[in-house]
Amino acid sequence: MRRIKSNWHRIALPLILALTAFLTFYDVDKEGYANSYYSAAVKSMLTSWHNFFFASFDPGGFVTVDKPALGLWLQALSAWIFGFHGWSLILPEALSAVVSVAVLYHLVQRSFGKTAGIASAMALALSPIFVAVSRTNNLDSSLIMVLLFATWALIVAAEKSSFKLLLLSMVLVGLGFNIKMLQAFMVLPAFYLVYLFTSSLKTAKKLLHLALATVLLLAVSLSWAVIVDLTPADQRPYIGSSQNNSVIELALGYNGIQRLTGNNRMGPQNAGNGRVNAVASATYRPDTPPSDNQNPQDDRGHFSDGNMPQGFNGAFNGRPGGNGGPGGNGGPGGVGENGQKGIFRIFNQQQAGQISWLIPMAFFGMAILVIKVFKKEERDKKTVVRYLMLWAAWILPMMAFFSIAGFYHRYYLSMLAPSIAALSGIGVVEMWKAYMQSGWRWFILPAALIVNGAVQGLILSRYEEWSSILTPVVCGISLASALVLIVIRLLNNDRLDKTIKATVATGFAALLIAPAIWSYTPILYGSQTTLPIAGPELSRGFGNRGFNRDGGGMVRSPENTASSKLISFLMNNRNGEKYIVAVSDANSAAPIILQTGQPVMAIGGFSGSDPILTVDKLEKMVKNGEIRYFLVQGRGGMGSQSEIISWVQQHGTVVSPEKWSGTASESNSEIQGGPGQFRDMMGNGTLYDLAPQKNTD
């Protein structure tokens, strides 16, 4: 028994890691190919070393994805080892989440003890948006893992004044840049402050170290970008989502400053975010029971705001793909997804359930560390200052960014999860220590439980079906724990150590109940694999398996979103062309690539707005026999795409829909669910033959 008590953390940590693995990987085979945009890229990358290195979206090497290659290399490696499956693409991200929890435990326990490490690890494992994004092939989990390794190197570098470990830390951040570009640099304020103010070297030497480390950081960060940009444009794919075919411009623009100022580019049909076409197509249920504010379709067949999932009201301007106006101010990535800008944005209905459950505890954790710094009897103030600077300079600038930024997705909030978890775990242990000592500081712990419980009650109040059950449990237990602690302190009973520990553990566990349930919802209802979220809204049609009626579930199969009739037509009538079809954007191309493994030309890249193709170039490609069929969907594009589509309409011959267009019955056979639930994504539009002189079956 004593051995178990002394080694309890060796039991607890593996259990937490197993829980993380369960939440992030259980049942992911039902998510299909997850985010089809990245899945299609991985399939294309496996066709040649050229496509692999440049992270080509399509097997023909026409355009790259909108992110650098490193994260996708990991997914390609997994697919090469285990075969190309949806689960093998998600596996690296799920494993990254498990490793991240283990690394955070190590970071915290090495200075604040095993209990703080376990509490922090548990808080991270049950961070809803961290779990949700880890169940997809989006790249945030692998980025977080790399940055936590970089954090370890940075902390030890500051402790030992080690220039080599500082360099290692910056190399790892540079690798993070090659996963998601400038998002990796969000930790740099914390890193610079920690090394500058807590290492033991002279200021001049610390500045020199940081300057040299920054040079290395930039060299590693820009290594792939420079190689790609120096490669002649005609020998590589176009850099997707850039405006001048440059990786560096992509990093500074679309994946950089535009995240703060807003995405001002408008693709076809105002598709401010091309991936949302697939989201809206998968989300809309024509027979969804309307709520008071729902009007599923207007008289032109456009989707209404009221029929979109929670957090997207006003998002689509009445049709899939709209962004609600310039700058990403509405719709996905803007206020439609994230709510209005402001200091309390992170506690609004769209974001609070994803990341904010333990933010009050994290702030109390910062407060208790500040108090420790100013305690005269504190022995190792430098360690406290080091971790205070690290996590405070991690969480505060990020919260400021997410409060004012114009264009980001909610799963980016997963970047906050490590700092919230660390500060919560450290905080609850340090507040318990303060509670056990003399002085006024004892009251901080009960206050933290009361405040955090009240905030969680506020978050839960927005979910009527869950609030009636969870609010009494969460608020009741946290409040009761706080009252017990207050009574014990007022009675001044020093013989109740075990009771105090049990009460603190119970109060902290109560605060993990709601985030634990939110973290489980992607398993329960199916993930939203394109724009990952967690929470009850997945049950209302935003998850792959989320819409249940009369006990029957609908399961969307993301692998089969392209019409088999269209695929058969294109393959049967291919006569040496490099590309089997041209479409407006990557989301129209991805299902065909996934189903055939053949080159499909997405003329506008990810969002449909990339200036890749011109009329002259298209005409030359047609004459050279590189492209024959062009699928025009919707009402046409904007800018250069509208000119291209006009040329196609003038010079192409319409292919009879009977030859290629999927029927309703065909769509229902490919998408598991009741009749008429979905319209085949690729079974509509107008298909043009640009070389009608060739025979067509």
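This is a predicted model: local features need pLDDT of at least 70, side-chain atom pairs count only at pLDDT 80 or more; totals for chains, interfaces and linings use all residues.

Trainee: How many helices and strands does the protein chain have?

Mentor: The protein chain has 29 helices and seven strands. Of its 697 residues, 61% are buried. The chain exposes about 25,900 Å², and carbon and sulfur atoms supply 61% of that area.

Trainee: Among contacts between residues at least 6 apart in sequence, what share joins residues at least 24 apart?

Mentor: That share is 71% in the protein chain. Setting aside residues up to four places away in sequence, methionine 361 touches Leu423, Ser424, Met431, Ala448, Leu449, Asn452, Phe508 and Leu511.

Trainee: Is methionine 361 buried or exposed, and why?

Mentor: Methionine 361 counts as buried because its relative accessibility is 0%, and the cut-off for buried is under 20%.

Trainee: How may I apply that reading to a whole helix?

Mentor: Take helix H3, residues 36-45, which is mostly covered, with nine of its 10 residues buried. The buried residues are Ser36, Tyr37, Tyr38, Ser39, Ala40, Ala41, Val42, Ser44 and Met45. Two of these buried residues, Tyr37 and Tyr38, also belong to an aromatic cluster, in which ring pairs link them with Phe57, Tyr254, Phe407 and Phe606. The structure holds 27 aromatic pairs.

Trainee: Which charged residue lies over the face of tyrosine 254?

Mentor: Arginine 259 does, at 4.7 Å from the ring centre.

Trainee: Let us turn to charges. What is the general idea of a salt bridge, and how many does the structure hold?

Mentor: Side chains of opposite charge can pair when their charged atoms come close. The structure holds 10 salt bridges. In one of them, the side chains of arginine 110 and glutamate 159 meet at 2.6 Å, N to O. That pair links distant parts of the chain, with arginine 110 in helix H6 (residues 86-112) and glutamate 159 in helix H9 (residues 140-160), 49 residues apart. Arginine 110 counts as partly exposed at 31% relative accessibility, and glutamate 159 is partly exposed at 29%.

Trainee: Which salt bridge does lysine 180 form, and are its members buried or exposed?

Mentor: The side chain of lysine 180 meets that of aspartate 140 in a salt bridge of 3.1 Å, N to O. Because lysine 180 lies in helix H10 (residues 163-180) and aspartate 140 in helix H9, the pair ties together parts that are 40 residues apart in sequence. Lysine 180 is buried, with a relative accessible area of 5%, and aspartate 140 is buried at 0%.

Trainee: Where do arginine 628 and aspartate 689 lie?

Mentor: Their side chains meet in a salt bridge of 3.0 Å, N to O. Arginine 628 is in the loop between helix H26 (615-623) and strand E5 (629-632), while aspartate 689 is in strand E7 (residues 686-689), 61 residues apart. Arginine 628 is buried at a relative accessible area of 1%, and aspartate 689 is buried at 5%. Elsewhere, a network of salt bridges links Lys372, Glu430 and Lys433.

Trainee: Finally, how should I read the backbone angle phi?

Mentor: Most residues other than glycine have a negative phi. Aspartate 27 is not a glycine, yet has a positive phi of about 70°. Aspartate 27 is found in the loop between helix H2 (8-25) and H3, and is buried with a relative accessible area of 18%.

Trainee: What is the phi of asparagine 245, and where is this residue found?

Mentor: Asparagine 245 has a positive phi of about 65° although it is not a glycine. Asparagine 245 is found in the loop between helix H12 (203-230) and helix H13 (247-261), and is buried at a relative accessible area of 15%.

Conventions: Residues are numbered from 1 along each chain as its sequence is written. Side-chain values use heavy atoms; hydrogens and water are left out. Rings of Phe, Tyr and Trp (its six-membered ring) pair if their centres lie within 6.5 Å; planes under 30 degrees apart count as stacked, over 60 as edge-to-face and the rest as tilted. A charge sits over a ring if NZ of Lys or CZ of Arg is within 6 Å of the ring centre and within 35 degrees of the ring normal. Buried means under 20% relative accessible area, exposed over 50%, partly exposed in between (1.4 Å probe, protein chains only). Contact means heavy atoms within 4.5 Å. Helices (H or I, at least four residues) and strands (E, at least two) are DSSP runs, numbered from the N terminus. Accessible areas come from the Shrake-Rupley method with a 1.4 Å probe; for residues, only the protein chains shown count as cover. A salt bridge is a side-chain nitrogen of Lys or Arg within 4 Å of a carboxyl oxygen of Asp or Glu.
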